[in-house]
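Me: Could you go through this model with me? I have a few quick questions.
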Amino acid sequence: MFNHLLSLLIWLPVAGAIPVLLAGSARPNTARWLALIVAVLTLAASLLLLVQYHPDAGGMQLSESYLWIASWGVHYSLAVDGISVALIVMTTFVGILVIVGAWEVIQDRPHQYMAAMLMLEGLLIGVFCATDALLFYALFEAILIPMFILIGIWGGPRRVYATLKFFIYTFFGSVFMLIALLYLYQKAGTFDMATLAALPLTMKEQTWIFFAFLIAFAIKVPMVPVHTWLPDAHVEAPTGGSVVLAAVMLKVGTYGMLRFILPITPDAGAHFAWLVIGLSLVAVVYIGYVALVQEDMKKLVAYSSVAHMGFVTLGIFIAFMLVREQGNTDMAQLGMQGAMVQMISHGFVSGAMFTCIGVLYDRLHSRQIKDYGGVINVMPWFGFFYVLFAMANSGLPGTSGFVGEFMVIMASFSANPWIALFAAFTLIIGAAYTLWLVKRVLWGDITNPHVADMKEINGRETFVLVAFAAAVLALGIWPQPLVHLMNTSVSQLVQQLAIHKI
Amino acid sequence: MELSTSVLLTIALAPLLGCLLAGFLGRFLGRAGSHSVTILGVAISCALSFYVLYQLMLGGATTYNQNIYTWFQIGPLNASVGFLVDRLTAMMLVVVSFVSLLVHLYTVGYMHDDPGYERFFSYISLFTFSMFMLVMSNNFVQLFFGWEAVGLVSYLLIGFWYKKPSAIFANLKAFLVNRVGDFGFLLGIAAVLYFLHTLDYATAFDAAPGLVGKTLQITAGTHWDAATVICICLFIGAMGKSAQVPLHVWLPDSMEGPTPISALIHAATMVTAGIFMVARMSPLFELSQSALSFVLVIGATTALFTGMIGIVQNDIKRVIAYSTLSQLGYMTVALGVSAYSGAVYHLMTHAFFKALLFLGAGSVIIAMHHEQDMRYMGGLRKYMPITWITMWIGSLALCGVPFFSGFYSKDAIIEAVGLSHRWGAHYAYFCVMAGALVTGLYTFRQMYLTFHGEERFTVRENHGHGHHDDHDDHGHHQPGVLAHAPKESPWVVTVPLVLLAIPSLLIGFFTVGPMLFGDWFGKAIHVNEANNVLAELGQEFHGSLAMALKGFTQLPFLLVLAAFAINTYIYLFNPAMAGKIKSALKPLWTVLDRKYWVDDVYFAVFARGGVMLGRGFWKMGDTAVIDGAMVNGSVSMIHRIAATLRRLQSGYLYHYAFAMILGLILLLGGYWLMGSGFVGSTLVGQ
């Protein structure tokens with residue numbers, strides 16, 4: 001049996017980027033088609049992964065391991081659990097859509113754009129299956145490079161400011177993570193994540209390490225108050241960059257929390273759960289209000305991403321609270337599952353929202369809400385998708401946006417009704433900022449004459465939006481397959497929460 | 001015998017299929033094709049709903065309660081999509097599908113010239129599907145799905161004419177106010193899950209008695225009764241959906257939508273979802289006297305005070321909208337005194353007569369070329385006799401005139417409140433009694449202004465007769481000037497009116513015995529013996545004829561009679577009187593005309609206040625504190641670096657180079673630090 005599937009998933013898009021790059025700007029169509037073929041093959045490989053992975057068996061599966069840097073015992077080791085599989089499939093799915101989405105839109109050096117996208121995809125997949133901490137770190141850092149390029153070259157007018165803010169912000173966080181990893185290495189003599197998880201640590205050590213990891217991952221998620229790089233990065237990023245950033249890259253932060261904070265510093269995590277929960281609720285309420293008053297569509301959706309990612313961190317840390325304070329593993333599992341489902345769902349919903357904004361931007365070259373109004377008059381099919389994704393963003397049942405939030409709110413209530421009260425506030429504020437946006441962009445009579453000239457979405461755009469819509473609806477109507485895929489892994493994570501290291 | 005799953009699935013899915021066909025293939029199907037598939041879908045559902053009702057009543061079918069598929073399963077917690085079909089559900093199915101079918105038919109006439117014809121049919125079929133999912137649910141998750149899905153369709157339909165600024169304001173307002181209710185509702189569901197460990201109705205209701213004595217800690221030292229918390233939270237959901245004070249503000253504005261949906265969604269079905277939900281949850285509500293008192297007071301306040309606003313409205317649809325609010329208040333009052341069957345019974349009769357009134361109003365609006373202001377109507381009875389007669393039937397039913405269907409349901413509610421000893425029942429009794437007078441005042445005023453008295457419009461007959469588009473003078477018309485004389489609406493409009501007039505007139509007489517005083521709902525509705533005011537009332541019940549005859553001597557009827565006399569005098573004999581009364585009662589009139597300033601306060605506090613708060617957060621929090629103070633150093637540093645780099649670089653390559661150099665420094669630095677063992681020891685300083 002072929003047992004290098006994970007390596008294939010990482011290296012196929014990375015290596016595939018080379019011929020795309022070589023196609024050069026002289027043959028843009030060759031580059032586009034090559035990129036698409038690579039992306040499709042990667043999706044096919046991820047579907048094979050879905051088939052090969054045994055959800056009920058649990059544990060880390062399909063592992064590969066090679067010695068990488070012998071003197072420090074660094075391994076190139078990969079393995080996946082249900083959560084990784086779900087994230088990988090989401091990544092490859094979104095990977096195709098950003099390539100199709102950029103098809104004619106990127107006219108300036110499309111080969112480089114496509115290559116950067118593929119490379120980014122491969123590195124992201126790598127992050128989701130690395131089981132060696134240094135490998136994880138290397139990939140975690142490496143994904144910054146293609147994103148930096150995507151924003152820096154194809155970005156908007158203030159791209160230099162945005163890329164540097166983005167880069168230094170995240171880089172600042174990773175330094176803390178590196179220090180923590182080095183400390184752990186010095187104690188355990190290995191970067192193997194499973195060994196690190198089993199490493200006994202005092203509360204003092206755990207506290208330091210917890211905060212080092214928290215800073216690194218909180219910036220990535222991003223959590224309040226280290227979120228201000230995100231709106232700027234989104235505003236300047238090209239559509240595809242925004243889609244990948246929101247859909248996949250933010251998940252790297254919460255994924256890191258699962259892989260590092262949960263197993264390595266469970267006691268510190270439980271002790272400081274209130275802090276993360278508090279910040280998550282601030283994300284829902286405070287950021288909700290901030291999103292309400294944004295005048296730039298992309299900023300609005302960027303802030304909405306911060307609010308929605310708040311549910312992921314809330315779900316993860318509510319599980320701490322439930323397990324440690326009440327021993328309520330059933331509800332903890334519900335909260336954790338909610339966080340996981342929210343990660344996947346947010347990938348589709350935010351990706352779709354940014355795609356929609358890209359469609360509008362391509363026509364009017366403005367992201368200002370006030371320049372629009374009455375778009376439905378000229379683009380009814382686009383309006384259908386826009387309303388659908390807006391509803392998903394507002395957490396309407398039947399769309400994926402509801403499932404995770406519902407689970408997290410249910411679990412929160414068991415931990416503390418007040419937490420649920422603030423979390424459920426998203427029902428009101430989330431609908432307010434999203435539907436007010438829809439009202440100002442889509443509904444109404446046309447006031448800007450340029451809107452009257454906007455063309456209905458073409459076949460390519462329709463394909464992308466249909467794909468997103470299918471994912472959003474499928475998850476909303478029948479989340480059980482996804483839940484089942486991750487269930488054993490989630491329950492194992494929850495069991496780990498109960499283990500005291502001190 | 002058990003009901004067949006495929007029949008129930010067909011009921012739910014037939015309208016969905018119609019919706020998808022009309023929505024996505026409307027362009028290919030054309031207008032006739034679109035209305036045919038949707039009408040067919042709903043007709044199938046309607047026929048099968050009657051079949052299900054028949055099976056449950058006479059066919060010996062037992063309650064159906066089965067899951068269709070697992071939505072998610074996490075540990076022991078199962079969330080499924082499934083159906084619970086008992087007589088309560090079956091009654092709702094019949095009401096929803098019957099009214100929906102007639103509204104579909106009516107729409108063929110009403111929306112005849114609208115460019116969004118196919119889209120409209122798609123929406124109302126989607127609504128019908130959503131409503132079926134809501135009433136057929138056997139668990140809280142699916143209930144919430146249906147609950148929000150009908151809200152979505154309501155949003156889409158209120159804003160159907162999306163070019164109208166008032167319509168897109170109203171639909172956003174409706175959705176957000178409903179979300180406030182749903183916020184409470186979701187917390188209620190969370191409380192159910194927390195205390196009863198299930199999302200399934202049957203399991204939850206079986207476990208419900210165990211709630212007694214349980215409390216929820218709110219703060220250290222404050223504990224609230226579990227059942228009360230659950231029920232009040234769930235009821236907040238009902239307050240949103242069924243537009244109870246103080247979440248009533250969206251319903252009058254929802255009249256911006258086309259009239260058929262005002263009839264279907266904002267009168268007959270969706271707004272009664274809250275009533276249905278509380279009745280369905282009766283095993284929970286029966287556990288909390290406090291929650292029921294809360295329900296009672298909210299309902300009574302809604303019944304009286306919103307009805308009063310209806311007296312000063314001039315828009316024919318708005319009068320009916322306020323009447324709907326008031327009638328929903330009556331149903332809520334019934335819930336509050338544990339007369340759940342009474343509430344659901346009034347829900348049913350109200351669905352018929354209120355749909356009739358709205359569709360009648362729509363018929364008038366067509367005749368008046370989309371003029372809705374009653375000040376420009378009058379004397380229409382001779383132009384449109386079918387609309388006139390059927391609307392009188394609806395109006396008399398609404399006022400609770402004996403023998404009409406509304407009498408049986410409304411009178412029972414008033415008497416049940418009189419018998420109740422629950423806290424708040426005295427206040428509620430006053431409200432529902434005074435409400436009877438108020439109902440009479442606005443209803444007869446509306447009928448007289450519309451159909452009787454002088455014609456307050458003129459017909460501009462010199463307008464070209466060659467083309468016959470009724471919408472010709474849309475938007476730029478002069479009030480009270482019509483292009484053509486009003487005429488009776490086509491059969492697709494009048495047939496639904498007649499078909500609704502029949503149950504409005506008769507259904508109470510034939511069903512009051514079993515449905516209200518018999519044990520018709522069986523186990524679907526649970527009432528504790530001590531609270532059972534309807535059973536007490538039932539002991540005095542000696543048939544519908546006797547009840548109606550007695551009704552003529554009761555106070556509610558006398559109040560309606562008084563209202564009739566006042567209106568008759570004013571509008572038929574002394575039209576100047578209306579203005580005199582208005583100026584004499586100017587302060588009161590202003591209070592009602594301003595709708596108690598509730599909308600103004602909400603807009604100032606929540607809409608403007610929310611935006612101001614958001615701006616404050618954004619400018620102060622994100623911009624000033626986080627980016628300004630916290631990231632200040634780094635930001636200015638970034639600027640300096642950027643400026644330097646801008647001078648150094650000559651192409652885009654610097655991006656790559658910069659990233660690479662940083663990476664290299666990092667790796668080298670990392671290895672060096674690790675080699676020296678420096679990091680760990682200084683970090684924690686063992």
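Me: How much of chain A is made up of buried residues?
Reply: This is a predicted model, and in it buried residues make up 68% of the 502 residues in chain A.

Me: And what radius of gyration does chain A have?
Reply: Chain A has a radius of gyration of 21 Å, which agrees with the value near 23 Å that a compact globule of 502 residues would have. Along its principal axes, the C-alpha trace of chain A spans about 70 × 55 × 40 Å.

Me: What share of the contacts in chain A is between residues 24 or more positions apart?
Reply: Counting contacts with a separation of 6 or more, residues 24 or more positions apart account for 82% of them in chain A.

Me: OK, how many helices and strands does chain A have?
Reply: The secondary structure of chain A comes to 22 helices and two strands. One of the helices is α2, which covers residues 28–52 and has 25 residues, and from its first C-alpha to its last it reaches 36 Å, close to the 36 Å expected at 1.5 Å a residue.

Me: Which residues of α2(A) are buried, and what do they pack against?
Reply: The buried residues of α2(A) include A:Ala31, A:Leu34, A:Ala35, A:Val38, A:Ala39 and A:Thr42. The buried residues of this helix pack against α1 (5–23), α3 (82–102) and α4 (110–129) of chain A. As a general point, an α-helix has 3.6 residues a turn, so residues three or four places apart point the same way.

Me: Switching to chain B, is B:Val344 buried or exposed?
Reply: B:Val344, which is found in helix α14 (residues 340–367) of chain B, counts as buried because 30 other C-beta atoms lie within 10 Å, and the cut-off for that label is 20 or more.

Me: Which residues is B:Val344 in contact with, neighbours within four places aside?
Reply: With those neighbours left aside, B:Val344 is in contact with B:Leu88, B:Ile275, B:Phe276 and B:Ala279. Its C-alpha atom is also separated by 9.5 Å from that of B:Met515, a residue 171 residues apart from B:Val344 along the chain.

Me: Last one, at what angle do α15 and α17 of chain B pack?
Reply: Helix α15 (residues 385–399) and helix α17 (residues 425–451) of chain B pack at an angle of about 170°, with their axes 9 Å apart. Angles over 145 degrees count as roughly antiparallel, and α15(B) and α17(B) are therefore roughly antiparallel to each other.

Me: Which residues meet there?
Reply: Among them are B:Trp388, B:Met391 and B:Trp392 in α15(B), along with B:Thr439, B:Met447 and B:Phe451 in α17(B). The residues of this contact divide into seven nonpolar, four polar and no charged.

Conventions. Residues are numbered from 1 along each chain as its sequence is written. Chains are lettered from A and ligands numbered from 1 in the order in which they are written. This is a predicted model: local features need pLDDT of at least 70, side-chain atom pairs count only at pLDDT 80 or more; totals for chains, interfaces and linings use all residues. Helices (H or I, at least four residues) and strands (E, at least two) are DSSP runs, numbered from the N terminus. The radius of gyration is taken over C-alpha atoms; the globule rule is 2.2 Å times the number of residues to the power 0.38. A residue is buried if 20 or more other C-beta atoms lie within 10 Å of its own, exposed if 12 or fewer, and partly exposed in between; C-beta atoms are placed from the backbone. Two residues are in contact if their C-beta atoms, placed from the backbone, lie within 7 Å. The expected span of a helix is 1.5 Å times one less than its number of residues. Axes are lines fitted to C-alpha atoms, for helices over the stretch in contact, and angles run from 0 to 180 degrees between N-to-C directions. Angles under 35 degrees count as roughly parallel, over 145 as roughly antiparallel, 65 to 115 as roughly perpendicular and the rest as oblique. Ala, Val, Leu, Ile, Met, Phe, Trp, Tyr, Cys and Pro count as nonpolar, Asp, Glu, Lys and Arg as charged, and the others, Gly among them, as polar.
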